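Me: I am new to this structure. Please walk me through how to read its features.

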Amino acid sequence: MTTTLEQLRAGQLAGVRELKLACGLKQLPREVFDLADTLEVLDLSNNALSTLPDDLPRLRKLRILFASNNAFTALPEVLGDCTQLSMIGFKANRISEVPAAALPPALRWLILTDNEIGHLPAELGRCMQLQKLMLAGNRLRALPEELAACSRLELLRLAANRFAALPRWLLRLPRLAWLAYAGNPFGAALEDAALSDTPIRAIRWDRLTLEQPLGEGASGVIYRATLRDDRDGGRQRQRAVAVKLFKGAVTSDGLPDCEMAAWIRAGDEASLIPVLGKVIDHPAATHGLVMELIDPRFGNLAGPPSLASCTRDVYRDGLRFDLGAVVGIASGIANVGSHLHRRGIMHGDLYAHNILHDGAGHALLGDFGAASFYDASDRDLGVALQRLEVRAYGCLLEELIERCDALDAQPQIAAELVALRTRCLSEAIDSRPLFDEIAASLSVLKEQ
């Protein structure tokens, strides 16, 4: 809940650990420093700030600072003096400069999405705790090679920049598991081809009637809808569908057009949410996809990562699976991974929070917001990108195994699952299996 400035100035917030102020601020209120002994999370998003005070380090317990949708043109150097600061979010400002001095020693998660950054300092490679780096929607043409020293980096977003090639050294980072790079010049031809060359039905907007929202993500809103189909003889039939309408702005993962291209190129697979067609003739020229309406018995496998978990999903307390369900989910998602990579698509966001399941081992993967294309005939690149995504799959498999009740009852299957998880998570990248091998191994386990 947003706190009022009046509450802060009246001294009513003594002892708080979290503070959110969104009230047109042009400078940080000095009363914030009255909270120096307790304040850990400060959210200054949606104001008019362009600077932060030089004495910000007086907030000695500050761990997390959000300042999205403000007027900063440079990442403030004073951040580097905040010794406990581990998460920084400056999305959607006008930042063109990232000084080396602005990088705090404990930096774990840096969000600079939707700015004007053309260069990053080599000193970023000294941020040895860095796990999550969000750089989509900038003007970057290169990354500092010193970033290769950040061996803990797990998630990297480079979409919608100006890269002429993907830095191949990225693919040797031992823990990198979630990578997005669509919307750069080097991939434009593949993305255009996915939209223009892949057959897909065009569905006119006036054939659709939107009903209630089913969910909302960074790139768009999904609605339940009715599709009216013309039949022979002029009769119509109606069917319930889901419609995703894209927002059109750059997201933390990338561009909506690239997401739509990936959905379309992905095609049919048993564990993918089926796409029926793309929306045409929308009055506001909004892009949209029409998808099968999923049976309501399916629900999200997990929630997205929290501020504390950083890169790992958050599961509902008490959620447990039997061994059959674990093998079923793992097998379905491995088959999807194999299918996508055969088509030159890296999902980029292979997470439990993007998977629907029915509790009985059936799973559906969705959300292509971080998907990226590559030339499937480039064997070396394809294998490298698969092994990167296999690590993400290994995280998912680990989470499923941790929530399985029946491992002791079938020790042989359990042992094989644990061994597969270990191989998928290996930091010796070349030892990781590919999705075809994973899918084959799980197919055998399903028969036991």
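Me: How many bridges join strand 9 to strand 13, and do they run parallel or antiparallel?

Reply: First, the ground rules. This is a predicted model, where local features need pLDDT of at least 70, side-chain atom pairs count only at pLDDT 80 or more, and totals for chains, interfaces and linings use all residues. Residues are numbered from 1 along each chain as its sequence is written, and side-chain values use heavy atoms, with hydrogens and water left out.

Now the general idea. Strands of a sheet pair through backbone hydrogen bonds, either parallel or antiparallel. Two strands pair if DSSP finds at least two bridges between them. Strands (E, at least two residues) and helices (H or I, at least four) are DSSP runs, numbered from the N terminus.

Here, strand 9 (residues 202-204) and strand 13 (residues 275-280) run parallel, joined by 3 bridges. Ile203 stands opposite Val279 in strand 13.

Me: Which way do strand 13 and strand 14 run?

Reply: Antiparallel, with 3 bridges between strand 13 and strand 14 (residues 288-292). Val275 has Met291 of strand 14 as its bridge partner.

Me: In the open sheet of 3 strands, what is the order?

Reply: The order is 15-17-18, and the pairing is antiparallel. Strand 15 (299-300) and strand 18 (363-365) are at the edges; each has a single partner strand, so one side of each lacks a neighbour in the sheet. Strand 15 is joined to strand 17 (residues 355-357) by 2 bridges. Gly299 is opposite His357 in strand 17.

Me: Which helix packs on the sheet?

Reply: Helix 4 does, touching strand 17 and strand 18. Touching, or contact, means heavy atoms within 4.5 Å. The direction of helix 4 makes about 30° with that of strand 18. For such angles, axes are lines fitted to C-alpha atoms, for helices over the stretch in contact, and angles run from 0 to 180 degrees between N-to-C directions.

Me: How many aromatic pairs does the structure hold?

Reply: A pair of aromatic rings is described by the distance of the centres and the angle of the planes. Rings of Phe, Tyr and Trp (its six-membered ring) pair if their centres lie within 6.5 Å; planes under 30 degrees apart count as stacked, over 60 as edge-to-face and the rest as tilted.

There are 5 here. Trp178 and Tyr351 are stacked, at 4.4 Å centre to centre and 0° between the planes. These two are 173 residues apart. Tyr393 and Phe435 are edge-to-face, at 5.8 Å and 85°. Both Tyr393 and Phe435 are buried.

Me: Is Lys244 buried or exposed?

Reply: Lys244 counts as buried because its relative accessible area is 6%. It sits in strand 12 (residues 236-246). Its side chain makes a polar contact of 2.7 Å with that of Glu259. A polar contact is a pair of N or O atoms within 3.5 Å; within protein, one must be able to donate a hydrogen and the other to accept it, and residues adjacent in sequence count only if both atoms are side-chain atoms.

Definitions and conventions
Buried < 20%, exposed > 50% of the residue type's maximum accessible area, 1.4 Å probe, protein only.
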